[in-house]
Amino acid sequence: MAIDTQTVKQVAFLSRLKVEDNKIEATKEEFNKILAWIEELNEVNTDEVEPLIAVNDIALRQRAD
């Protein structure tokens with residue numbers, strides 16, 4: 001999946017970000033790099049990996065009530 005200039009403008013509009021016209025091409029390239037990285041992560045086999053509930057395995061103190 002590749003991002004085009006129109007999609008960059010639409011994402012910027014929906015997220016209320018101002019992207020200057022001279023930065024649209026760089027933003028498009030950055031979006032495409034991010035999507036390529038996500039596609040690479042999707043190739044990792046995680047069938048036997050349990051979901052992470054918390055980073056720290058500590059019990060938090062509970063309030064008396």
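A residue counts as exposed when its relative accessible area is over 50%, as buried under 20%, and as partly exposed in between. With that in hand, here are some notes on this predicted model.

1. Let me start with Arg16, which has a relative accessible area of 68% and is therefore exposed. Arg16 sits in the loop that joins α1 and α2. Its backbone deserves a look too: the phi of Arg16 is near 60 degrees, a positive value in a residue other than glycine. For context, most residues other than glycine have a negative phi.

2. Helix α1 covers residues 5–14 and helix α2 covers residues 24–42. Their axes come within 9 Å and cross at roughly 90 degrees. Since angles of 65 to 115 degrees count as roughly perpendicular, α1 is roughly perpendicular to α2.

3. Which residues of α1 and α2 meet? From α1 come Thr5, Val8, Lys9 and Val11, and from α2 come Ile24, Glu25, Thr27, Lys28 and Phe31. Sorted by class, this contact of α1 with α2 has four nonpolar, two polar and three charged residues.

4. Lys28 belongs to helix α2, and its relative accessibility is 18%, so it counts as buried, the cut-off being 20%. Leaving aside residues up to four places away in sequence, Lys28 touches Ile3, Asp4, Thr5 and Val8. Of these, Thr5 and Val8 are also listed among the α1 residues that meet α2.

5. How many salt bridges does the model have? The count comes to three, with a side-chain nitrogen of Lys or Arg within 4 Å of a carboxyl oxygen of Asp or Glu as the rule. The next points take them in turn.

6. Glu25 and Lys28 form one of these salt bridges, with 3.3 Å from N to O. The two residues are three apart in helix α2, so about one helical turn separates them.

7. Another salt bridge links the side chains of Lys18 and Glu20, at 3.9 Å from N to O. If you check this pair by hand, note that the rule asks for within 4 Å. Lys18 is exposed, with 72% relative accessibility, while Glu20 is partly exposed at 41%.

8. Glu20 lies in the loop between α1 and α2, where Arg16 is also placed. How far apart are Glu20 and Ala36 in space? Their C-alpha atoms are 24 Å apart, and the two residues are 16 apart in sequence.

9. The remaining pair is Asp65 and Arg63, whose side chains meet in a salt bridge at 3.0 Å from N to O. Here Asp65 is exposed, as its relative accessible area is 76%, and Arg63 is exposed as well, at 67%.

Definitions and conventions
Residues numbered from 1 in each chain as written. Predicted model: local features only at pLDDT ≥ 70, side-chain atom pairs only at ≥ 80, totals over all residues. Heavy atoms only, no water. Axes fitted to C-alpha atoms, helices over the stretch in contact; angles between N-to-C directions. Helix = DSSP H or I, 4+ residues; strand = E, 2+ residues; numbered from the N terminus. Parallel < 35°, antiparallel > 145°, perpendicular 65-115°, else oblique. Contact = heavy atoms within 4.5 Å. Nonpolar A, V, L, I, M, F, W, Y, C, P; charged D, E, K, R; others polar. Buried < 20%, exposed > 50% of the residue type's maximum accessible area, 1.4 Å probe, protein only.
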